Structures are given as C-alpha cells and as structure tokens.
Number of protein chains: 2
Amino acid sequence: MVLAAQKFLQIYSVLKARVESGEYPVGQLLPSENTLITEFHCSRNTVRRAIGELVRDGYVQTRQGWGVCNIFHPIEQTSYTMGTIESFRETARRTGQKSTTRVESFTRIQADQALAHQTGFPVGTPLFCLWRIHDLNGRPIIFNISYLREDCMPRLTPEIASGSLYRYLEEELGMVIVTSKRTITVEPATDLDRRWIDLGQYNCMAVVTNQAYNSQGVMFEYTQSRHHPAIFRFQDNAVRRPVQDL
Amino acid sequence: MVLAAQKFLQIYSVLKARVESGEYPVGQLLPSENTLITEFHCSRNTVRRAIGELVRDGYVQTRQGWGVCNIFHPIEQTSYTMGTIESFRETARRTGQKSTTRVESFTRIQADQALAHQTGFPVGTPLFCLWRIHDLNGRPIIFNISYLREDCMPRLTPEIASGSLYRYLEEELGMVIVTSKRTITVEPATDLDRRWIDLGQYNCMAVVTNQAYNSQGVMFEYTQSRHHPAIFRFQDNAVRRPVQDL
DNA sequence: ATAACTTACTTGTTTAAACAAGTCAATTAG
DNA sequence: CTAATTGACTTGTTTAAACAAGTAAGTTAT
C-alpha cells in the first residue's frame, strides 16, 4: 500500500495554514492534543509530531501543563531569503522574482592539497569546477563557485549546469540530497567578484559555503555562494530544547 | 520521581561522543537500531529519537533499508561561531576565548511607530534600550543594540546588563527562553559602529537580528548584534524533508 | 481571609507492537 | 549464465497505553 502523504505531514500542513491565516489568534492557545486527536482521527503521537514541526518552525510554543501557544509573526518577503535547503531557482520562484543562471566557466580538475583542505574532498578526487552567475530581475547578485564530484554526475555538461543543477541531480540521476552543512561568513570582495557583480559602495560579500551530502553519505558538492550584501538575508529559528522524534 | 536526564538525551550524548571521537568510522554504518536497543536497554522509539537528534546535527544520515551512516566532519574552531541559542559569553567560554562586556548606554523608552514596526513590539510598550560592546581577547568586535520589555524584567540595571543578561533572566527571574528567531544580513557600517569597532578595510557589518520569546510566548527581547565581519561565522545544518503543501 | 489540598485538565517521556517499505545477498527458475 | 524470487535484514510510520509532571481553578481546613 502506498501512502499518499504521511499523516503527520498532512496534519502539520493544515495546522500551519491555520496559524498563517490567523485562524488561531496569535498569543493564544491552539486546541489541546485531545481535541486535535478527535478532529484528525489519529493517535496522540501523530498530533505531537505535527506540533513538533511547528515548534521547529517557530510558529508555536509548547508549555507543559498549559498548552500550545501561537507565536506566529509574519515576516517581510522583501528580499532574497533562505533558511532551508533550497536552490536559487526555488527561492526565486517562491518569492515571485525572475531569475536566470549563466555559466562563466566549466573545467575539470583534481583536488590538490589546498583544495582538499578547503572543501573536504579527498586529495586527487576528480571534480568539476563550475562558475555561475545568478541574476535576479536582470541584475547579477550571486557569484557561485562549485566543486562537484565527477563520479556522482559523470555526464554533467555546461548546458545542464546552466539549468537547475538540483533538478538534474534529483530527477535525472535519481540522487537524493539529504543533508547540507552551511557556513555563513562575510569576506572582502575580490576582483573576481567585482568582474561580474556591481557592488556599489560595498567592499564585502556575504558568503554561504555549502557542503551537500547524498543519501549514501557521500559529499558530492562543495559550493561557495558569494552574495551581493544588499540582497542577502538568512532567516533561522532556534529552539532551546529538542522536541519530538525524528 | 525526578529523572536525572531524559533517556534519549543520555543515549544521544553517548552516540555523539562516539561519533566525535571516531569510535564509529566516518562513512560507515553505526550499529543497527536493534543492536543499540540491547546495548542501552531501552525501546526502539528512544533509540530512534536519539538518532534523530544526531541527524539534525548533521552527524549521521539514515537510509531506509540500509542503516545509519556516519557523515561527521570536524570543523575548524578558528573564529567566533554560532548556530544554537547561545549567549556571547557561552560561546566565548566554549571556544576558550576571553570575553568582556561593557554597557555604553542604558535608557528607558517607549516603542514609537517606527520602532514598533522594526522590532515587532506593540506601540507604546515600555522598553529598556541597551547598547553594549563585546570584547573578544581585548578587542571590541560586537556592537549590541537591545530592546527589552520592561514588564518582563522591571529591576534591570546597567550593572546587571554588563554581566550575563541571559543568566540573570534564567537564574534570577526564572524565565525560560524557548525560541528565538534570527535574521542574518550584511549592512553598511554606521558612524556608531565605527565609534567603537575598528573595522580596518571593511565598510560592512554582519548583523544578527534576534527576537527571543519566553515560555509564555511573549517576545521579551529584540537585539541587533552588529559583528565585525572578520570574526563572524554562522554554522548551520539543514535536513531536507519532503514537505508537501496542501 | 488565607494557606493547603484536591481535582481536572494540560504537555512530556517511555515502552510495546504492528505493519510498510527499502536494501542486499542467497537461492531458484529459465 | 542470467534473471526473477525469496528471505533476512534494515529504517519509516502509526497506534495504543501507561505514567510523570506542570498549571490553574475550585474546595477544604485552619
């Protein structure tokens, strides 16, 4: 039997939509677990798992003996935001902006000592080195330097890379991207940055370093995304204590 | 009966330590759930919850039908990193650096229209406005602008604020900080920034905007932490989860 | 009147069991 | 020899139940 969607995700989506639409007033309690159990015809664990996701999203807050409080605060979508694993195109589409990608360089190299230390690939690993420029509404705003394991995507071409790399990996190769480690730093702009991106008064770039792992636990991508500072925005929600299972 | 520590957190800590120490080789599988159940004398759910935390940390990766793969990659602790709810002092102590905090300004105000829009406090809310400078190893590196709800901490003084604000709130007032929404941006340095922080060649600041909520769901703090770009580093681990929207 | 104690909720943690589903190697049928 | 099947694993999802523990309001005893 094939499940259309996992039950806890369905409940999660419904509750999330209600919180976003204001159906549950901000600052007040959501219905209790028992109430939700009867509404959704499910077990307590399933309701709790859905609520756990909302907690992780920063939508609600639980308090033992009291209930689940709505702390949703709508955020402005003025600029390019990130916070989940999302490709440039996905984010642009979600925020209703027009995006294009062009490949400026596409070479094959092997990881030397320095690159291996920087990226975490073993020395000697055959890699594609890819430079891409992302335009948002016609203006170049991101300079992307990627190193990709050749053995994970042997047929990669510049044409494919100019499209959606993640769509190619997931849909064409059936690769499943599972986790991704990111580091955000601010670095001085280089001549390479300025060759493509008009920084105006700024002399820095917002740099997102991304290491992506597939379902086999192999790191197949190391990307440095160098963002125009004015357009960069990262949003995050932190929870003090861990919540539910997986 | 009072639990010393939750069982799944104990197991989580043990497994985490083993992964960090290399007891479980990188790229290989951890013991199966059944093996861990017999080792820790617990139920499958408890083991799974512990593993779920490791997944969230980016330490391991699970794959149905296969097992739990160790993808741990030690990171360099060269600079001031963040990624969980951690005060400046906590982070400095963890990374073995010497930190001091001094208060440059301490005033009482009410949220006007503009500030209410910026921070999310209701118009007219009585607030403490607090300017602090954080030094790391004797050099000023963070300029902190905080707005704090007066009704949540009526006895706050500059002396207290120059110590650990979070320690005061948690230990003295018994307040429980639960969630915290953060936004990271890069902004041009202001005269106020330059008055205290030596930016050298840089003309930008890494800005972390933080909104903290207590266990009653009340936002009691809005803080803008303006970091020296050279010392700023944010680390994050993202797990991709197929969430379908309805 | 006030302090202490019930009581009826609420969420938090753990166990147990059943079934679904992915993976891989050994076995079997052609 | 090759392809399909089986079986013995693995993790993923859901339900059910029991008990712990925090909260708030009502009740009782002083």
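Residues are numbered from 1 along each chain as its sequence is written, and chains are lettered from A in the order in which they are written. As the model is predicted, local features need pLDDT of at least 70 and side-chain atom pairs count only at pLDDT 80 or more, while totals for chains, interfaces and linings use all residues.

**View 1. The largest nonpolar core has 37 residues.** Such a core is a set of buried Ala, Val, Leu, Ile, Met, Phe, Trp, Tyr and Cys residues joined through C-beta atoms within 7 Å; buried means that 20 or more other C-beta atoms, placed from the backbone, lie within 10 Å of the residue's own. Among the residues with the most contacts inside this core are A:Tyr12, A:Ile51 and B:Leu148. Elements that give two or more residues to the core include helix 1 (7-21) and helix 3 (44-56) of chain A, and strand 5 (126-136) and strand 6 (139-149) of chain B. Helix 1 of chain A provides the largest share, six residues. Helices (H or I, at least four residues) and strands (E, at least two) are DSSP runs, numbered from the N terminus.

**View 2. Here are the surroundings of A:Val19.** Leaving aside neighbours within four places in sequence, A:Val19 is in contact (C-beta atoms, placed from the backbone, within 7 Å) with A:Tyr24, A:Leu54, A:Tyr59, A:Val60, A:Asn70 and A:Phe72. Elsewhere, a second, separate core of 36 residues includes A:Phe128, A:Tyr147, A:Val178 and B:Leu30.

**View 3. Chain B touches chain A through 49 residues, in contact with 47 residues of chain A.** On this side of chain B, strand 7 (177-188) gives the most, with eleven residues. The side divides into 20 nonpolar residues (Ala, Val, Leu, Ile, Met, Phe, Trp, Tyr, Cys and Pro), ten charged (Asp, Glu, Lys and Arg) and 19 polar (the others, Gly among them).

**View 4. Strand 7 of chain A pairs with strand 10 of chain B.** These two strands run antiparallel and are joined by six bridges; pairing requires that DSSP finds at least two. Look for A:Thr183, which stands opposite B:Gln235 in strand 10 of chain B.

**View 5. Chain B can be laid on chain A with an RMSD of 0.1 Å.** The superposition is by least squares on the C-alpha atoms of residues with pLDDT of at least 70 in both copies. A turn of 180 degrees with a shift of 0.0 Å along the axis does this, which is the relation of a two-fold axis. The copies meet through the same surface, because 84% of the interface residues of chain B are also interface residues in chain A.

Notes. Buried ≥ 20, exposed ≤ 12 C-beta atoms within 10 Å, placed from the backbone. Contact = placed C-beta atoms within 7 Å.
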